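Open the model in your viewer and keep the selection tool at hand. This tour goes stop by stop.

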Amino acid sequence: MGSELKYLAALAITLAALLHSTAEQETHVVGDKFGWLVPPGGHYAYEVWAAGHKFSVGDILEFNFTTGDQDVAKVTKQAFDSCNSTSPIELKTTGPANFTLDTIGEYYFIGTKDRHCELGQNLAINVTAHSGTPTPSPSPKPSHTPRGPLTYVVGDQFGWIVPPGGELAYSAWAYGNTFYVGDTLGK
Ligand SMILES: *[C@@H]1O[C@H](CO)[C@@H](O)[C@H](O)[C@H]1NC(C)=O
Ligand SMILES: *[C@@H]1O[C@H](CO)[C@@H](O)[C@H](O)[C@H]1NC(C)=O
Ligand SMILES: *[C@@H]1O[C@H](CO)[C@@H](O)[C@H](O)[C@H]1NC(C)=O
Ligand SMILES: *[C@@H]1O[C@H](CO)[C@@H](O)[C@H](O)[C@H]1NC(C)=O
């Protein structure tokens with residue numbers, strides 16, 4: 001191949017990869033409309049929020065916060081468990097702040113200001129491989145597939161309790177589910 005051809009081939013491959021990845025990339029706004037803050041009531045809020053989302057390689061995690069009031073640090077599990085912000089993997093102080101989820105595995109984030117982490121401003125997520133198809137379902141389905149009624153357990157594994165994460169907990173849970181007439185809410 002001539003050098004121009006090689007260059008064009010490489011460019012085509014790069015563009016194809018780029019289009020492929022942007023088409024499937026999803027942006028998750030942490031805490032949805034509540035954003036990234038000290039959740040009233042503690043850490044369950046972001047735990048419940050995370051349980052309602054599926055994080056895939058290539059997705060973006062967007063921490064929406066007011067610069068100066070909050071910050072976000074990507075940390076190790078050890079630092080997450082002890083709210084240790086001494087030497088984070090990465091610290092972002094300007095909001096909104098994005099992190100691209102570029103590898104499979106667990107990601108840990110904390111707020112480093114004052115006692116924000118201790119008070120519940122922390123998030124742990126699992127990032128899985130992209131399935132390659134937009135929805136991992138056994139058969140190709142149109143976007144509005146009729147389905148049988150489902151029973152949702154409100155709050156999933158946390159159940160229906162005085163939400164330790166405050167209002168954010170159930171808002172986040174509801175946001176992660178699509179409800180249809182005929183579905184049952186269990187508790
Ligand atoms: C971030 O928060 C601001 C202020 O609450 C809000 O106006 C904006 O829509 C939020 N951005 C996203 C991406 O949710
Ligand atoms: C916090 O992390 C730093 C750096 O990893 C370490 O040197 C320090 O001992 C840790 N502090 C506590 C209280 O665990
Ligand atoms: C974060 O990602 C969102 C969605 O891709 C984008 O609209 C926004 O501009 C990004 N913000 C920053 C600060 O990079
Ligand atoms: C990630 O998934 C593994 C295996 O299912 C689980 O043991 C671990 O607790 C999860 N971590 C987080 C942060 O959710």
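**Before you start.** This is a predicted model: local features need pLDDT of at least 70, side-chain atom pairs count only at pLDDT 80 or more, and totals for chains, interfaces and linings use all residues. Residues are numbered from 1 along each chain as its sequence is written, chains are lettered from A and ligands numbered from 1 in the order in which they are written, and side-chain values use heavy atoms, with hydrogens and water left out.

**Stop 1: the sheet.** Select strands E1, E3 and E6. They form an open sheet in the order E1-E3-E6, with mixed pairing. Strands here are DSSP runs of at least two residues, numbered from the N terminus. Two of them pair if DSSP finds at least two bridges between them. Which strands stand at the edges? Strand E1 (27-29) and strand E6 (97-100) do; each has a single partner strand, so one side of each lacks a neighbour in the sheet. On average, neighbouring strands of this sheet are turned by 25° against each other, direction ignored. The angle is taken between axes, which are lines fitted to C-alpha atoms.

Now zoom in on E3 (residues 60-63). Four bridges join E3 to E6, and the two run antiparallel. Phe-63 stands opposite Ala-97 in E6.

**Stop 2: the rings.** Rings of Phe, Tyr and Trp (its six-membered ring) pair if their centres lie within 6.5 Å; planes under 30 degrees apart count as stacked, over 60 as edge-to-face and the rest as tilted. Phe-63 is in strand E3 and Phe-109 in strand E7, 46 residues apart. Both are buried, meaning under 20% relative accessible area, while exposed means over 50% and partly exposed lies in between (1.4 Å probe, protein chains only).

Ring pairs link Trp-36, Tyr-46, Phe-63, Phe-99, Tyr-107 and Phe-109 into a cluster. The whole structure has eight aromatic pairs.

**Stop 3: a loop.** Go to Asp-114, in the loop between strand E7 (105-110) and strand E8 (122-128). Is Asp-114 buried or exposed? Asp-114 is exposed, with a relative accessible area of 73%.

**Stop 4: ligand 2.** Finish at ligand 2. Asn-84, Thr-86 and Ser-87 surround ligand 2, each with a heavy atom within 4 Å of it.

How values were computed. Axes fitted to C-alpha atoms, helices over the stretch in contact; angles between N-to-C directions.
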